[in-house]
Amino acid sequence: MSDNTTYKVLFVCLGNICRSPAAEGIFKKIVRKQGLNNKIEVDSAGTAGYHVGELPDSRMRQHGTRRGYKFDSLSRKFTSSDFDRFDIILAMDDSNYNNILRLAPDLDSEAKVHRMMDFSKKYENDHVPDPYYSGAEGFELVLDLLEDSCDGLLEKVKKDLSIQ
Ligand code: 4NP
């Protein structure tokens with residue numbers, strides 16, 4: 001862990017306006033619900049800088065609102081300094097995974113990078129598909145996959161924190 005007080009989780013996709021801000025909002029909500037917000041910090045970033053400074057995509061925000069989430073983080077680009085700042089880094093798909101690993105300065109940094117769907121409990125999908133050019137069903141699928149994998153991820157984080 002980067003310090004003794006909090007475990008820091010970073011979700012990463014391509015643009016940081018659809019999948020990773022949704023993962024951030026969903027994970028923050030379950031962390032808060034379990035009273036762990038003083039132990040776990042959550043952020044998100046994108047491997048590309050096309051949308052830096054923007055709110056999440058309005059479609060992602062609307063689909064999230066329907067399920068009771070608020071996605072309101074501003075897009076930022078992933079940088080190699082994130083390897084120092086975070087304990088675990090979750091990639092939404094293989095392209096994100098490879099682009100993150102390319103920036104890893106050492107083996108300890110590489111070991112922090114995981115595929116989000118490795119924490120899924122009930123889906124066979126191996127990645128969270130980019131919904132940007134999809135219809136409503138693409139955004140709903142993203143939320144289904146993220147709700148499930150965020151549950152699995154929280155179990156792993158709690159284990160690492162020796163909670164339960
Ligand atoms: P995200 O989705 O990686 O889940 O934020 C995308 C957002 C924007 C673009 C592609 C994917 N884009 O090409 O601008």
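I started at D108, which lies in helix α5, residues 107-110. Helices here are DSSP runs of H or I with at least four residues, strands are E runs of at least two, and both are numbered from the N terminus. I noted D108 as exposed, at 64% relative accessible area. Exposed means over 50%, buried means under 20%, and partly exposed is in between (1.4 Å probe, protein chains only).

Before going on, I wrote down that this is a predicted model, where local features need pLDDT of at least 70, side-chain atom pairs count only at pLDDT 80 or more, and totals for chains, interfaces and linings use all residues. Residues are numbered from 1 along each chain as its sequence is written, and side-chain values use heavy atoms, with hydrogens and water left out.

Next I checked the core. The largest nonpolar core has 36 residues, and V9, F11, F27, I40, M116, L146 and L153 touch the most other members. Such a core is a set of buried Ala, Val, Leu, Ile, Met, Phe, Trp, Tyr and Cys residues joined through side-chain atoms within 4.5 Å. I found that α6 (136-160) is among the elements giving two or more residues, and α6 gives the most, with 9 residues.

Then I went to Y69, in the loop between α2 (58-66) and α3 (82-85). Y69 is buried, at 12%. Y69 and I26 are 43 residues apart in sequence, yet 6.7 Å apart in space, C-alpha to C-alpha.

Last, I looked at N16, in the loop between β1 and α1. Its phi is near 55 degrees, a positive value in a non-glycine residue. N16 is buried, at 0%.
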